[in-house]
Amino acid sequence: MTDPLPTIEGLVCPVPLPHNERIVLGHGSGGRMSFDLITKIFTSSFDNPILKQGDDGGVLSISTGDQAASQRVAISTDSHVVTPLFFPGGDIGKLAVCGTVNDVAMMGGNPLYLTTGFILEEGLDLEILRKVIESMRSSAVEAKVQVIAGDTKVVQKGKADGLYINTTGLGLIPDGVNISGHNARPGDVVILSGTIGDHGIAVLAARGELDFEAQLESDVAPLNNLVRAMLDVSKAIHVLRDPTRGGLATSLNEIALQSGVGINIYENAIPVKPAVAAACEMLGFDPLYVANEGKLIAIVANEVAEQILSTLKVHPLGQEAAIIGKITEHAGDHVTLKTTFGTTRMVDMLSGEMLPRIC
């Protein structure tokens with residue numbers, strides 16, 4: 001008789017079985033399983049040209065009446081389910097505002113308005129809710145957006161981790177701005193606005209489940225002011241993406257697929273804080289797949305790359321920006337990494353769930 005398989009608890013990477021007929025945590029990782037779930041279930045059902053773009057939000061044109069002109073509007077929505085609710089450098093309220101503001105900004109939009117929905121668990125301390133709301137207010141002021149509508153639901157005790165928040169954002173796209181994951185072209189340059197993995201490792205350390213400590217704060221921040229400064233320098237910004245769940249590696253793979261190009265990145269050019277690198281080495285993580293909440297990838301025309309980089313470096317949220325790679329036409333839709341040892345390896349999307357849920 002065959003011995004039963006052992007039960008493994010804690011850090012588990014669910015095997016991404018394509019035939020699995022039930023949702024597992026890996027479907028929410030932002031990696032390959034999330035990508036397959038979205039494309040096979042959601043996109044195929046809600047089939048329309050805007051959704052098929054596969055960007056962080058939708059872009060639509062709204063007529064301005066008798067003037068026969070139209071205004072392009074960027075809309076995005078996101079749900080936030082983080083444990084713990086408060087962590088070094090942020091909390092679920094700040095995350096909810098910044099996450100959606102950033103998604104609108106990654107479309108080239110100037111975020112103006114947010115709506116928000118709350119799922120509250122029975123027994124939640126009202127003081128916790130007040131702190132979260134105050135954090136959302138403060139973040140909205142920083143991002144210069146207004147929360148104009150909302151909804152609240154309460155579920156039974158044990159049915160949620162205290163509270164979940166959904167936010168939807170709307171912003172206007174200036175004339176001459178055309179940013180999409182489809183716009184990367186061979187010869188373009190890949191710029192990263194700063195160090196990767198800060199958010200994911202900070203949240204994991206705050207949980208205290210993995211028996212390690214790290215003096216790190218999450219990088220969660222609104223990036224719309226940074227994007228506006230970049231667009232003031234040049235409109236030759238082809239792609240913007242904030243590498244949240246699934247990390248830098250998954251976001252670059254999504255862009256490569258959307259644009260049908262190859263992307264080469266250089267390991268020694270990718271900024272990683274020593275504390276993040278040490279934690280990843282100890283835990284067996286690859287920082288390329290760890291979540292970020294205040295960083296962006298910019299793919300820009302080669303001739304404006306140094307100008308954009310200089311602009312990033314003088315902004316408080318872009319001081320550690322770096323050119324980390326280039327777009328090619330000979331590597332299909334793959335992402336490759338030139339390692340510090342001089343070798344080259346493929347970089348795929350995140351498979352399964354490398355980390356417990358953190359955003």
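Switch to cartoon view and you'll find nine helices and 14 strands in the chain. Keep in mind that this is a predicted model.

**Stop 1: colour by confidence.** The chain's mean pLDDT is 89, and 89% of its residues score 70 or more. Now select residues 1–17, where the pLDDT is below 50. Beyond near neighbours in sequence, that stretch has 15 contacts in the model.

**Stop 2: the whole chain.** Show the surface. Of the 359 residues in the chain, 48% are buried. Take the contacts between residues at least 6 apart in sequence: 83% of them join residues at least 24 apart.

**Stop 3: helix H6.** Select residues 224–233, which form H6, and show the side chains. Which residues of H6 are buried? They are Asn224, Leu226, Val227, Met230 and Leu231. Now look down the axis of H6: the buried residues sit within an arc of 155°, so they line one face of the helix. An α-helix has 3.6 residues a turn, so residues three or four places apart point the same way.

**Stop 4: the largest nonpolar core.** This core has 27 residues, and those with the most contacts inside it are Ile191, Met230, Ile237, Leu240, Leu296, Val300 and Ile308. The elements giving two or more residues to the core are H3, strand S8 (189–192), H6, S9, S11 and H9.

Centre on Ile237. Leaving aside neighbours within four places in sequence, Ile237 is in contact with Asn178, Ile179, Met230, Leu231, Ile299, Val300 and Ile308. Another core, of 25 residues, lies apart from the largest one; among its members are Leu192, Ile196, Ala256 and Val335.

Stop 5: Select Cys98 and Cys280. Are they buried or exposed? Cys98 has 1% relative accessibility, so it counts as buried. Cys280 counts as buried too, because its relative accessibility is 2%. With a cut-off of 2.5 Å between cysteine sulfur atoms, the count of disulfides is zero.

How values were computed: Residues are numbered from 1 along each chain as its sequence is written. This is a predicted model: local features need pLDDT of at least 70, side-chain atom pairs count only at pLDDT 80 or more; totals for chains, interfaces and linings use all residues. Side-chain values use heavy atoms; hydrogens and water are left out. Buried means under 20% relative accessible area, exposed over 50%, partly exposed in between (1.4 Å probe, protein chains only). pLDDT is the predictor's confidence in each residue, from 0 to 100. Contact means heavy atoms within 4.5 Å. Helices (H or I, at least four residues) and strands (E, at least two) are DSSP runs, numbered from the N terminus. The arc is that of the directions from the helix axis to the C-beta atoms. A nonpolar core is a set of buried Ala, Val, Leu, Ile, Met, Phe, Trp, Tyr and Cys residues joined through side-chain atoms within 4.5 Å.
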